Amino acid sequence: MDYVRLGTSGLKISSITLGMMSYGDPARGNHEWSLPEEESRPFIKQALEAGITTFDTANAYSNGSSEEITGRALADFAKRDEVVIATKVFNRMRPGPYGAGLSRLAIMTEIDNSLRRLGTDYVDLYQIHRWDPETPIEETMEALHDVVKAGKARYIGASSMYAWQFAQAQYTADLGGWTRFVSMQDQYNLINREEEREMHPFCLDQGVGVLPWSPLARGKLTRDWDDTTARSETDEFGKTLYKQQEDGDRRISEAVRAIADARGVSRAQVALAWVRQQEAVTSPIVGATKPLHLQDAIASLDVVLTPEETSTLEAPYVARAVEGF
């Protein structure tokens with residue numbers, strides 16, 4: 001496992017990040033396909049044994065139970081200063097005007113709630129899960145700065161939004177003398193490459209690390225295009241994705257399969273290798289609900305695609321409207 005700097009910050013993370021959305025109490029919220037605690041712990045232990053040190057969760061995943069599972073497992077299996085814990089704030093956690101969003105009140109309340117669930121005094125990376133159009137960006141950036149200065153977060157990051165919004169947030173931080181974002185967690189994979197147009201060039205210019213979510217396109221790049229899984233049939237958010245250019249996307253999936261077959265490796269290894277070879281990418285976020293998922297993620301570190309293979313994978317791509325935020 002390699003450990004790489006997150007952008008130009010001093011934070012070093014593993015080349016693969018374990019996404020914790022897959023773990024949570026199925027009865028507590030919005031992810032009925034998630035694995036309960038006892039089924040989750042072997043995956044977290046397997047990740048640590050493989051050298052993965054970076055774990056990404058969110059307050060809203062399974063209504064907080066993902067954070068609880070993450071915190072307990074890492075306390076049992078690792079030393080706190082040897083792992084990087086990332087979580088997020090924005091989505092609704094309770095009724096009322098302050099139960100969601102990025103107001104000062106919401107941020108200050110939710111960081112404490114996340115720390116309590118995670119069982120730690122600080123998170124390494126505190127991310128805004130989405131853009132909040134109802135709160136002035138000045139208020140959000142100052143509140144996040146205060147979270148950092150209080151020692152409750154070491155770094156801050158952002159997730160899916162328009163590049164102009166991210167630029168506004170960064171320059172607002174500069175003008176206020178506040179903490180800048182060091183990371184962008186965005187949707188990026190072979191069948192959704194729209195972030196290459198503006199977001200990734202901006203991140204490269206500004207020294208921001210990119211942590212792609214859904215690098216395997218919700219698993220669609222790992223199986224035949226029309227195949228389904230228990231998650232794909234019940235993931236309501238996932239059902240909104242990858243509907244715009246299905247003919248082109250199917251051809252991309254077939255190209256992944258052909259290269260994987262020729263190399264004698266899995267499709268997941270090929271698709272992840274392509275993501276990892278992109279200049280802006282620091283560490284793709286990989287979900288794992290079967291041991292093979294982590295094995296493929298680790299094995300992808302040794303897959304180096306040739307220019308010809310890369311061209312074959314990229315050629316069928318068709319532009320689309322941004323989605324996922």
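**View 1. Helices H1 and H10 pass each other in a right-handed crossing.** The axes of H1 (residues 37–49) and H10 (residues 291–299) come within 10 Å and cross at roughly 20 degrees, with axes fitted to C-alpha atoms over the stretch in contact and angles running from 0 to 180 degrees between N-to-C directions. H1 and H10 therefore count as roughly parallel (angles under 35 degrees). Phe43, Gln46 and Ala47 of H1 meet Pro291, Leu294 and Gln295 of H10 (contact: heavy atoms within 4.5 Å). This is a predicted model, where local features need pLDDT of at least 70, side-chain atom pairs count only at pLDDT 80 or more, and totals for chains, interfaces and linings use all residues. Residues are numbered from 1 along each chain as its sequence is written, and side-chain values use heavy atoms, with hydrogens and water left out.

**View 2. Eight strands make an open sheet with parallel pairing.** Read across, the order is E9-E8-E7-E6-E5-E4-E3-E10; strands are DSSP runs of at least two residues (E), helices of at least four (H or I), numbered from the N terminus, and pairing takes at least two DSSP bridges. E9 (209–210) and E10 (285–286) sit at the edges with a single partner strand each, so one side of each lacks a neighbour in the sheet.

**View 3. Strands E6 (residues 123–128) and E7 (residues 153–159) run parallel, joined by five bridges.** Ile128 stands opposite Ala158 in E7. Helix H3 (residues 104–118) packs on the sheet, touching E5 (84–89) and E6, and its direction makes about 135 degrees with that of E6.

How values were computed: Angles under 35 degrees count as roughly parallel, over 145 as roughly antiparallel, 65 to 115 as roughly perpendicular and the rest as oblique. A crossing is left-handed if the near helix is turned anticlockwise from the far one by less than a right angle, and right-handed if clockwise.
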